[in-house]
Amino acid sequence: MLEINVDWLHTLGSLAGAGALGGLISALVNRKENKRIKKSEAVQAEAVAKKEDASAATEMMGLLERTVSHMEKMNSYNKANSEEMMRLMKEKDGINEKLKKDIALLQLQRTEDHRRITGLEKTVEREIRWRKDGDYHYCMADDCKMRIPPQGTFIRMED
């Protein structure tokens, strides 16, 4: 085994004990100063945190103001668009009403035209029938005794 010098061990032990004792005394003497330093560091850390919080709050307020500004612009744009859409809808409704009236008038005119055409067709058909009948019974002799009815007495009957 190793041979250890006991004197050296006592010396090292004394130095270690003296260092520990010195540290203990230093800790007791500087205790108030260490507390003050720690308290100061805590206050500084709290101040930095509050400053960062204030900075973040200011940034958030800026973002909120920009968001509100954008919202107001969008609301204004939407309001203008909705007013324009309402105007266009009213205009379209007015045009639709006018077109409905025009369609009703055109249907009435078409019905009237159809009635007139039907009447004219009946008149033309009647005239054609009468002419055929007249051509069949036409007599060139003015004083024909066999003519029925006698000349100048024929009265046409409507169908």
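This is a predicted model: local features need pLDDT of at least 70, side-chain atom pairs count only at pLDDT 80 or more; totals for chains, interfaces and linings use all residues.
With which residue does Glu112 form a salt bridge, and how far apart are the closest N and O atoms? The partner is Arg116, and the closest N and O atoms of the pair are 3.5 Å apart.

**Overall make-up**

- The chain has 159 residues, of which 2% count as buried.
- Its secondary structure comes to 2 helices and 0 strands.
- Helix α2 covers residues 31-136.
- The chain exposes about 15400 Å², and carbon and sulfur atoms supply 62% of that area.

- Side chains of opposite charge can pair when their charged atoms come close.
- A search of the whole structure finds 8 salt bridges.
- Glu112 and Arg116, the pair named at the outset, both lie in helix α2. They are 4 residues apart, about one turn of the helix.
- Glu112 counts as partly exposed because its relative accessibility is 29%, a value between the 20% and 50% limits.
- Glu91 and Arg87 join their side chains in a salt bridge with an N to O distance of 3.0 Å. Both residues belong to helix α2, where a separation of 4 residues places them about one turn of the helix apart.
- Glu91 has a relative accessibility of 42% and therefore counts as partly exposed. Arg87, at 40% relative accessibility, also counts as partly exposed.
- Lys100 and Glu97 form a salt bridge through their side chains, with 3.9 Å from N to O. The distance lies within the 4 Å limit, so the contact qualifies as a salt bridge.
- Lys100 and Glu97 are both in helix α2 and stand 3 residues apart, about one turn of the helix.
- Lys100 is exposed because its relative accessible area is 54%, which is over the 50% limit. Glu97, with a relative accessible area of 43%, is partly exposed.

**Nonpolar surface patch**

- Met61, Leu64 and Val68 make up a nonpolar patch on the surface. Together these residues have about 270 Å² of accessible area.
- Val68 is located in helix α2.
- The relative accessibility of Val68 is 38%, so this residue counts as partly exposed. Its value is also over the 30% needed for membership of a patch.

**Largest pocket**

- Rolling a probe the size of a water molecule over the atoms shows where empty space is left.
- The largest pocket holds about 450 Å³ of space.
- The pocket is lined by 18 residues, and the closest to its centre are Gly134, His137, Tyr138, Ile148 and Phe154.
- By class, the lining consists of 9 nonpolar, 4 polar and 5 charged residues.
- Ile148, one of the residues closest to the centre of the pocket, is found in the segment after α2.
- Ile148 counts as exposed because its relative accessibility is 78%. Lining the pocket thus goes together with an exposed side in the case of Ile148.
- Ile148 and His137 are 11 residues apart in sequence, and their C-alpha atoms are 9.0 Å apart in space. Both residues are among those closest to the centre of the largest pocket.

Key:
Residues are numbered from 1 along each chain as its sequence is written. Side-chain values use heavy atoms; hydrogens and water are left out. Patches are made of residues with over 30% relative accessible area and no salt bridge: like charges are joined within 9 Å, nonpolar side chains (Val, Leu, Ile, Met, Phe, Trp, Tyr) within 5 Å. Accessible areas come from the Shrake-Rupley method with a 1.4 Å probe; for residues, only the protein chains shown count as cover. Buried means under 20% relative accessible area, exposed over 50%, partly exposed in between (1.4 Å probe, protein chains only). On a 1 Å grid over the protein atoms alone, a cavity is a set of points where a 1.4 Å probe fits but cannot get out, and a pocket is an open set with protein on both sides within 12 Å along at least five of seven lines; lining residues have an atom within 4 Å of a point. Grid points are joined across faces, edges and corners, and a volume is the space filled by probe spheres set on the points. Ala, Val, Leu, Ile, Met, Phe, Trp, Tyr, Cys and Pro count as nonpolar, Asp, Glu, Lys and Arg as charged, and the others, Gly among them, as polar.
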